[in-house]
Amino acid sequence: MIDFTVWMQSNWYELGTLFSEFVFLAAGIWFARKILRTMRASQEQVGALLKLSVTGAAADRQSANAAGERPFASASPYWLTPPEIPPAGSQEPAESHPARMRVGHGLVVWLNTPMSGGGVAPWRKAIRWLQSPAGS
């Protein structure tokens, strides 16, 4: 035990470096897992959107016997067979939404406003404060 303590005291820098490398490795693995989860969720959303877009467009083009002839119809979870397709007449016509117009108008107004109020920029104030002598 004494030999190990002496060895640790003589190699403290190398132990610290090894510990920091393990910390960076753990942070990298955590970050990679988080990115992969986000990518997977994004792919699932795109698949769901694709499924919705196929249902809207496929009602006019496909018949019940055509889906039975295709072997790939059951291979993908995003492929819809005709019985799952809602009737085309069930959707209500799209109306203009005044709330959507207000949001768009607010966005345009926000984008047209100037970026600064004409005063001194905050970062310049911070630099002046840092350059001023202490106690003044």
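**Surface aromatics and a nonpolar patch in a helical chain**

Met 8 is partly exposed, with a relative accessible area of 36%; buried denotes under 20%, exposed over 50% and partly exposed the range in between, with a 1.4 Å probe and protein chains only. The residue is located in helix 1. The model is predicted, and local features therefore require pLDDT of at least 70 and side-chain atom pairs pLDDT 80 or more, whereas totals for chains, interfaces and linings use all residues. Numbering starts from 1 along each chain as its sequence is written, and side-chain values use heavy atoms, with hydrogens and water left out.

The protein chain contains five helices and zero strands, assigned as DSSP runs numbered from the N terminus (helices: H or I, at least four residues; strands: E, at least two). The order along the sequence is α-α-α-α-α. Of the 136 residues in the protein chain, 7% are buried. The chain exposes about 12400 Å², 65% of which is supplied by carbon and sulfur atoms; accessible areas were computed by the Shrake-Rupley method with a 1.4 Å probe, and for residues only the protein chains shown count as cover.

A nonpolar surface patch is formed by Phe 4, Trp 7, Met 8, Leu 15, Leu 18, Phe 22, Leu 25 and Ile 29, with about 770 Å² of accessible area together. Helix 1 (2-10) and helix 2 (12-61) are the elements that give two or more residues to this patch. Helix 2 provides the largest share, five residues. Patch residues have over 30% relative accessible area and no salt bridge; nonpolar side chains (Val, Leu, Ile, Met, Phe, Trp, Tyr) are joined within 5 Å, and like charges within 9 Å. A salt bridge places a side-chain nitrogen of Lys or Arg within 4 Å of a carboxyl oxygen of Asp or Glu.

Two aromatic pairs are present in the structure. The ring centres of Phe 4 and Trp 7 lie 6.1 Å apart with the planes at 25°, so this pair is stacked. Rings of Phe, Tyr and Trp (its six-membered ring) pair if their centres lie within 6.5 Å; planes under 30 degrees apart are stacked, over 60 edge-to-face and the rest tilted. Both Phe 4 and Trp 7 belong to helix 1, where they are three residues apart, about one turn of the helix. Phe 4 is partly exposed at 47% relative accessible area, and Trp 7 is partly exposed at 43%. Trp 12 and Tyr 13 form an edge-to-face pair, 5.9 Å centre to centre with 90° between the planes. Trp 12 is exposed, with a relative accessible area of 61%, and Tyr 13 counts as exposed at 56%.
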